[in-house]
Amino acid sequence: GEDVRAVFGFTNTLLRTIAKWEPTYVAVTFDLPTPTFRHVMFDEYKAHRPPTPPELRPQFDRVREVMRAFEIPIYELAGFEADDLLGTLCSQAETKELDTIILTGDSDTLQLVSEKVRVLMNSSSRRTSLYNIDEVKNRYGGLGPEHVAQIKALQGDSSDNIPGVPGIGIKTAISLLSKYGSIEGIYNNLADVSPPRAKKSLESHKEVADRALTLTTIKRDAPIELNLDKAKFGTYKREHVVSLLGELEFHSILPRVPFTSTGDSQEESSTGQMSFFTVEEEETIDYKIVDTQPAFEELLSAINTDTGFSFDTETTSINPMNCELVGISFSVDSGKGWYIPISHKDGKQLTRDHILFQLSPIFIDSKVPVRAHNANYDITVLEENGIQVEGLEFDTMIAAHVAGRRNWGLKDLALERLGHEMTPITEIIGSGKNKITMAEVAIEKAAIYAVADADYTERLHGIMKSELEEKEIFNLFCDVEVPLITVLVK
C-alpha cells in the first residue's frame, strides 16, 4: 500500500552508477522545503511549479533512509538549493585534487564542469550523457561551462520561472556571449550590439539580466564542509541495506548491492574497497555431489523415508517439455543436501539411465512425501524423463500464493522469511550474449546453487505450513491446490 516507485528509481540509478564508476567517495544533496536566497530576491522564483504530489512527498524520507543505510552523507541547508551545495562540495573536492562526477538530471549543473568536475546527466529513459568541458562546448555552440549561467540569464529559464531579456533566445545569447565574452562585456559594448531589436531590449532590461544572472549562478561557497571520512563509500553494513531494500520489496536489485570490506564474510576486492559480485554467505552446510555409487546409495537411503524430501531439477531451459535434465538436487534437513549431476558437459557423473532407474521407485511411492517449489515444472521435467511422481505433498510457491503473499519466488521467500539472500541464476549462467546453459556450468559450482534451492525449499516448507495453518487455509491447500498441480501436469 506504500508508493515507492520514486525510491526504486533513485536506488536503481544509484546502484547502476556505483557499479560503473566505483567511486571512492559519495555524497548526496537535497533541497529543503524552505525559501532560499533566490526566493527572497525574486518572489516569483519557481512560483509556477505545482505542489509536490502527495504520493511523492513521503518517498523523500524513504530515499533518506536508503542513503543512511548506505552511510552516504546527506547535505542540506536552509537558504540554499541542493545545486549550491553540489557546487560547494565540488569546489572543495577540487582543492583536494579529487575528480568529481555529479549525477543529476539538471542541466544547470553544467556550469560546474571543469578539468576536475564532470556531469553525468541522467534521463528518465535510463540514458546518461557524461559532460566534460568539450561536451559542454559542443552543446552551447563553442561556449564553455563558465557561460552556462549567462546563457540561461539572457534567454531566461522557464523551468525555474526566471525571466530573461525579452526577444533574446539561446542562439542570440550564444552569439552575443561569443562576441563579447560575458553579460558585462555585452553591456560595456552595447552601442555595437546588433541586431537593433536585441540592443534595445538589452538597454531597457539590464536589471532583469543582472537579477537573472544571480538567480542562475550556482553558489560555490555555501557554509558546508566536505568531510571525506564520512563520504568514504563502502563502509556500510550490507545486511542493513539488504534489510531495508527487502522491506521496500526491491528484490530485483538486491544482488547488485556491493559487498564491502567491512562485511562479515566477503573478501576485499583488488581495490581494497568492495566487491561488486554476489557470493554465498558463510554458514555450516553439508552439500554433497553424488558422483559415485556409494554416495548414490547414501542419498537413496536418506530420501526413501516416511518424512520425505524436497527436490529441485536443473535443466537447459525454462520449457519443461523440451529441456534437457542436467541434474537433480535433494534436501531432507536445513543445510543438508545432495546434487546428482546427470548431463553436464564435463565432470564425473553416473550414467543417466542408472540414476533415473534407481530414483523412480522412490518418486512413484505415494508413502514418501515429496516437496518442491513450483512443482508443476519439476514434476513435468521428471515425467518427460520417465519418472512418475505420486507423493507430492507440498509446493512452497503455491503455499505463498494461497497465503496471499505478493512474492512467490523462492529467493524472495528465502529473503523475507529466513533473511537469507540466495545467489541469483545470472551469477551461475550469466545473461545476454554471455549466457550459457546449466549443462555448461562446472559441476562443483552448479551443485552449490542447485542444492541451495532444495535446501531452502525444505526450510520454507515448515514455515509456510505453519502460516497456512494459522490462517486456517491448510486444508484448502491440501485438498484443492496440491491435487490440482498433478492435474495441470497431465
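Which residues does Leu89 touch, not counting residues up to four places away in sequence? Before we answer, a word on what you are looking at. This is a predicted model, in which local features need pLDDT of at least 70 and side-chain atom pairs count only at pLDDT 80 or more, while totals for chains, interfaces and linings use all residues. Residues are numbered from 1 along each chain as its sequence is written, and side-chain values use heavy atoms, with hydrogens and water left out.

Now to Leu89. Find it in helix 4, residues 82–95; helices here are DSSP runs of H or I with at least four residues, strands are runs of E with at least two, and both are numbered from the N terminus. Leu89 touches Ala27, Thr29, Tyr75, Ile224 and Leu226, leaving out residues up to four places away in sequence, where contact means heavy atoms within 4.5 Å. With a relative accessible area of 8%, Leu89 is buried. That word means under 20% relative accessible area, while exposed means over 50% and partly exposed lies in between, using a 1.4 Å probe and protein chains only. Ile168, by contrast, is 79 residues away in sequence and 33 Å away in space, C-alpha to C-alpha.

What does the side chain of Arg38 reach at 2.8 Å? The backbone oxygen of Leu215. The side chain of Arg38 also makes a polar contact of 3.4 Å with that of Glu81. A polar contact is a pair of N or O atoms within 3.5 Å; within protein, one must be able to donate a hydrogen and the other to accept it, and residues adjacent in sequence count only if both atoms are side-chain atoms. Beyond its neighbours within four places in sequence, Arg38 is in contact with several residues, including Tyr45, Asp84, Thr214 and Lys219.

Next, follow the strands. Strand 3 (residues 100–104) and strand 4 (residues 117–122) run parallel and are joined by five bridges; two strands pair if DSSP finds at least two bridges between them. In this pairing, Ile102 stands opposite Val119 in strand 4. Strand 4 also pairs with strand 5 (residues 128–131), this time in the antiparallel sense over four bridges. There, the bridge partner of Val119 is Tyr131.

Asp312 stands opposite Ser329 in strand 10.

The largest nonpolar core has 66 residues, of which Phe330, Leu359 and Phe363 touch the most other members. Helix 19 (residues 443–470) gives the most to this core, with ten residues. A nonpolar core is a set of buried Ala, Val, Leu, Ile, Met, Phe, Trp, Tyr and Cys residues joined through side-chain atoms within 4.5 Å. A second, separate core of 37 residues includes Ile151, Leu177, Val193 and Ala212.

Finally, compare two residues. Ile428, in helix 18 (residues 426–429), counts as buried at 10% relative accessibility. Among the residues Ile428 touches, leaving out those up to four places away in sequence, are Met438, Val441 and Tyr449. Thr437 lies in the loop between helix 18 and helix 19 and is partly exposed, with a relative accessible area of 27%. Not counting residues up to four places away in sequence, Thr437 touches Thr316 and Ile429.
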